[in-house]
Amino acid sequence: MARVAIIGGGPAGYEAALVAAQLGADVTLIEATGAGGACVLSDCVPSKTFIAASSVLTEIHESSELGVGTKEATADPAAVNGRVRRLATQQSADIAQKLVNAGVDIVYGRGALRVDKGYNYLHELHIVPIEGDPYDTDADVILIATGATPRTLTSAPVDGERILTWRQLYDLKELPEHLIVVGSGVTGAEFASAYLAMGSNVTLISSRDRVMPHEDAEAAETVGRVFVRRGMDVRNHSRAAAARRTDNGVEVELDDGTVIEGTHALICVGSIPNSDNLGLHAYGVTVDERGFIPVDKVSRTNVPGVYAAGDVTGVHALASVAAMQGRIAIWHALGEAVRPIKLAHVAANVFTDPELASVGVTQADVDSGKVDCRGVLLPFASNPRAKMVDRTEGFVKLFAWNSSGIVAGGVVVGSRASELITPIALAVEQRLTVEQVARTFTIYPSLSGSVAEAARQLMEF
């Protein structure tokens, strides 16, 4: 029986553990915080739960055209954050039970690779449980799935009270009166959108010419316009030099000397991989200059039998990618047939309001001539269902290869874009043509009808 040891219990780790158990391996999962890791307990699950509450408020506030709106609806931050923590804890417990039922041995604590000259065919691990004495063990296969931690700035010392990372927001007893968000990438944009909907005044500091500079330009500009229309103070072409506490809150100083005063500051400037204190260097596992563990398309490191998956690899900071990397690692390690991961087929979503989702080739790829594709953009303003629910901002954009008419990618901006991207992702993965998509019956009226309509327009080329 193969012995598999997994360090880290987030999506990469627990999905890998379930696959290994299904294949009959003896599996040990080592996790410091709880099943599901930071993703479930303090990151993805809590943030999307909080955002779900904020989206309800947005729909209430912006439904006056339907005859049922009210401007007086407010959020109870204690109740919202309480629900966030309850759901995160419950999700963690559900995952733990699923692992136990599968026969996985969960060790709550920390693990590291250990060099032992007495063995040359098994990998050695040193495990430090939260309860009990440290001990050593071995395994045929090791998976490193330790995730990442919010990056902070020395010029903006985080205190968990006024200057915070996104994992500390749920400890606040009241909504920030004025939240200054430093960083306009995916995380910064999501929280800026959510707290604006909750009733906070929000200033978003963006160092580039638009929010979410790495997303589709037209899509990001659409979201940015909605932010401004709803009252957000978006500071493009601005860079935070420092953040510090004051008697009544915080002040953020920009590179040009401008000082912005608020009650709280949220630092969203990326993440740092959790690759320290794992014994990687001594073991010979390559770690790049940023701390990420390079892996190939089946999650192998440079050391045979040692794999890595999830945010610690720097591939894509998405739970779906982490989970697939973990599964692929175990399938490969245990000799199963496996298809290398296809990052070009990964669907991603930004949970702002409106949402922004994308998959496959990009507008930048098309405009630069990198890919030989044609595209069409269909605004939701022409979609009957969008008119009925009064959510007409946004669009569906679809790309197809000129040579074959096969769907190459797409972008959706709008309400529930995270759901609407799936048929496009399915078309990309299964190599469907625009004609096949166009001939698919869709519900009338529906937002998804715009996907089929975009495909019909691409057929006309």
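The side chains of S184 and S206 are joined by a polar contact of 2.8 Å. This is a predicted model, so the distance is computed from modelled atoms. S184 sits in the loop between strand 9 (178-182) and helix 5. At 7% relative accessibility S184 is buried, because the cut-off for buried is under 20%. Leaving out residues up to four places away in sequence, S184 touches A189, L204, I205, S206, R210, V211, M212 and P213.

V186 belongs to helix 5, which covers residues 186-198. Its relative accessibility is 32%, so V186 counts as partly exposed. Beyond its neighbours within four places in sequence, V186 is in contact with M212, E215 and V350. M212 is also among the residues that S184 touches.

G270 is in the loop between strand 15 (264-267) and strand 16 (271-273). G270 has 35% relative accessibility and therefore counts as partly exposed. Apart from neighbours within four places in sequence, G270 is in contact with P150, R151 and W166.

**A second set of annotated positions**

UniProt also places "binding site", again from an unreviewed entry, at K48, G111 and D311. These positions are spread over 264 residues of sequence, and they are spread in space too, with up to 29.5 Å between C-alpha atoms.

Is G111 buried or exposed? G111 is buried, at 8% relative accessibility. It lies in strand 3, residues 105-114. Leaving aside neighbours within four places in sequence, G111 is in contact with I7, I30, H126, I127, N277 and L278.

D311 is found in the loop between strand 17 (306-308) and helix 8 (319-333). At 29% relative accessibility, D311 counts as partly exposed.

The table collects the accessibility values.

| Residue | Relative accessibility | Class |
|---|---|---|
| S184 | 7% | buried |
| G111 | 8% | buried |
| D311 | 29% | partly exposed |
| V186 | 32% | partly exposed |
| G270 | 35% | partly exposed |

**Cavities**

Rolling a probe the size of a water molecule over the atoms shows where empty space is left. The count comes to 3 cavities of 30 Å³ or more.

The largest cavity has a volume of about 50 Å³. Its lining consists of R230, D353, P354, R391, T392, E393 and S415. By class, that lining divides into 1 nonpolar, 2 polar and 4 charged residues.

The second largest cavity holds about 40 Å³ of space. F50, P77, N81, L169, L172, E174, L175, P176 and Y195 line it. Here the lining has 7 nonpolar, 1 polar and 1 charged residues. Y195 is one of the lining residues of this second largest cavity, and helix 5 runs over residues 186-198.

Terms used
Residues are numbered from 1 along each chain as its sequence is written. This is a predicted model: local features need pLDDT of at least 70, side-chain atom pairs count only at pLDDT 80 or more; totals for chains, interfaces and linings use all residues. Side-chain values use heavy atoms; hydrogens and water are left out. Helices (H or I, at least four residues) and strands (E, at least two) are DSSP runs, numbered from the N terminus. Buried means under 20% relative accessible area, exposed over 50%, partly exposed in between (1.4 Å probe, protein chains only). Contact means heavy atoms within 4.5 Å. A polar contact is a pair of N or O atoms within 3.5 Å; within protein, one must be able to donate a hydrogen and the other to accept it, and residues adjacent in sequence count only if both atoms are side-chain atoms. On a 1 Å grid over the protein atoms alone, a cavity is a set of points where a 1.4 Å probe fits but cannot get out, and a pocket is an open set with protein on both sides within 12 Å along at least five of seven lines; lining residues have an atom within 4 Å of a point. Grid points are joined across faces, edges and corners, and a volume is the space filled by probe spheres set on the points. Ala, Val, Leu, Ile, Met, Phe, Trp, Tyr, Cys and Pro count as nonpolar, Asp, Glu, Lys and Arg as charged, and the others, Gly among them, as polar. UniProt positions are given in the numbering used here, feature names are shortened, and annotations may be inferred rather than shown by experiment.
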